[in-house]
Amino acid sequence: MSQPLDRLRRLPELGAVNWEAGEFWVENPFMIAQLGNNLSAFEPNRLFLNTAGDSFIDASFVSSADIDSDSRSVVAADFDRDGAPDLLVGSVGGGPLRLFLNQFPKTGRRMKLALVDKSGQRPAIGARVELDVAGSRIVRDLFPANGFMGQAPPELSVGLGNAGRIDRLRVRWPSGETLTLNDVPVQAQMTIREGKAQSDLL
């Protein structure tokens with residue numbers, strides 16, 4: 001629209017519109033509801049699994065996540081607290097919330113990290129964690145993923161393969177302070193509080 005919020009402005013079609021395929025053109029977006037057009041799009045959802053960090057496998061069908069709905073939000077989190085991320089999918093138009101539990105075989109070790117600020121009450125949003133494990137470095141930032149109509153919980157879940165210990169775990173807090181923990185045993189869950197020393201955490 002050349003004139004923002006101008007309800008009288010008309011914009012002609014900029015190209016061919018395939019009406020048979022469900023495409024449509026409205027000269028003024030304020031007329032969409034009045035003309036009965038619907039922007040909702042029912043199409044199968046897709047789920048891709050990352051392999052080796054550089055490629056993906058389409059697991060939409062075998063996961064049963066390829067539901068045909070107008071889905072708008074997805075939250076990845078460990079809803080059943082078994083250590084593996086699940087998916088919560090929300091759709092518009094009165095559709096139900098759908099929870100897809102992760103049923104893939106549990107291989108390797110996974111560690112949940114809760115980062116808490118000095119108050120002891122709030123998650124340390126913006127903190128960065130670096131883990132040196134078995135010759136590799138893993139970096140995670142604590143930012144609850146915000147998508148359309150959904151928000152993930154402020155927690156970190158890190159896959160560590162078969163490692164039994166973390167050589168070095170470094171936290172950079174939003175305040176700029178840093179904490180370095182050495183020779184950390186892998187455990188199911190660990191809470192790290194800003195201002196605490198290694199002796200207080202392990």
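Where is the place of Lys112? I looked it up and found Lys112 in strand β8. Strands here are DSSP runs of E with at least two residues, and helices are runs of H or I with at least four, numbered from the N terminus.

**Ground rules**

I am working on a predicted model, where local features need pLDDT of at least 70, side-chain atom pairs count only at pLDDT 80 or more, and totals for chains, interfaces and linings use all residues. Residues are numbered from 1 along each chain as its sequence is written, and side-chain values use heavy atoms, with hydrogens and water left out.

**Entry: Lys112**

Is Lys112 buried or exposed? I noted it as buried, because its relative accessible area is 11%. The cut-offs are under 20% for buried, over 50% for exposed, and partly exposed in between, with a 1.4 Å probe and protein chains only.

Next I listed contacts, meaning heavy atoms within 4.5 Å. Leaving aside neighbours within four places in sequence, Lys112 touches Asp78, Arg81, Gly83, Leu156, Ser157, Ala188, Gln189 and Met190. I also checked one distance. Lys112 and Leu179 lie 67 residues apart in sequence, and their C-alpha atoms are 17 Å apart.

**Entry: the sheet around β8**

I followed β8 into its sheet. The sheet is open, has 3 strands in the order β13-β8-β16, and shows mixed pairing. Two strands count as paired if DSSP finds at least two bridges between them. The edge strands are β13 (156-161) and β16 (189-193), each pairing on one side only. From one strand to the next, the twist averages 30°. For angles, axes are lines fitted to C-alpha atoms, for helices over the stretch in contact, and values run from 0 to 180 degrees between N-to-C directions.

Then I took each pairing in turn. β8 spans residues 109-116 and pairs with β13 in the antiparallel sense, over 5 bridges. Ser157 in β13 is the bridge partner of Lys112. Val158 in β13 is the bridge partner of Met111. β8 and β16 run parallel and are joined by 5 bridges. Here Lys112 stands opposite Gln189 of β16.

**Entry: nonpolar cores**

Which residues touch the most other members of the largest nonpolar core? I found Leu113, Leu115, Leu131, Ile166, Leu169 and Ile192, in a core of 24 residues. A nonpolar core is a set of buried Ala, Val, Leu, Ile, Met, Phe, Trp, Tyr and Cys residues joined through side-chain atoms within 4.5 Å. At least two core residues come from each of β8, β9, β13, β14, β15 and β16.

Not counting residues up to four places away in sequence, Leu131 touches Leu113, Ser136, Arg137, Ile138, Val158, Ile166, Arg168 and Leu169. A second, separate core has 5 residues, including Leu47, Ile67, Val89 and Phe100.

**Entry: salt bridges**

How many salt bridges does a search of the whole structure find? I got 12. The criterion is a side-chain nitrogen of Lys or Arg within 4 Å of a carboxyl oxygen of Asp or Glu. Side chains of opposite charge can pair when their charged atoms come close.

The side chains of Glu177 and Lys118 meet at 3.0 Å, N to O. Glu177 sits in the loop between β14 (165-172) and β15 (178-185), and Lys118 in the loop between β8 and β9 (128-133), 59 residues apart. Glu177 is partly exposed at 38% relative accessible area, whereas Lys118 is exposed at 52%.

Arg128 and Asp141 form a salt bridge at 2.7 Å, N to O. This one links strand β9, with Arg128, to strand β10 (residues 136-141), with Asp141, 13 residues apart. Arg128 is partly exposed at 28%, and Asp141 is partly exposed at 33%.

Asp132 and Arg168 form the third, with their closest N and O atoms 3.0 Å apart. Asp132 is in strand β9 and Arg168 in strand β14, 36 residues apart. Asp132 is buried, with a relative accessible area of 17%. Shared partners join Glu130, Asp132, Arg137 and Arg168 into one salt-bridge network.

**Entry: Asn102**

My last stop was Asn102, in the loop between β7 (98-100) and β8. Asn102 counts as buried, because its relative accessibility is 16%. What does its side chain reach at 2.9 Å? I found the backbone oxygen of Pro85. Leaving aside neighbours within four places in sequence, Asn102 is in contact with Asp82, Ala84, Pro85 and Asp86.

Conventions. Polar contact = N/O pair within 3.5 Å; in protein donor to acceptor, adjacent residues only side chain to side chain.
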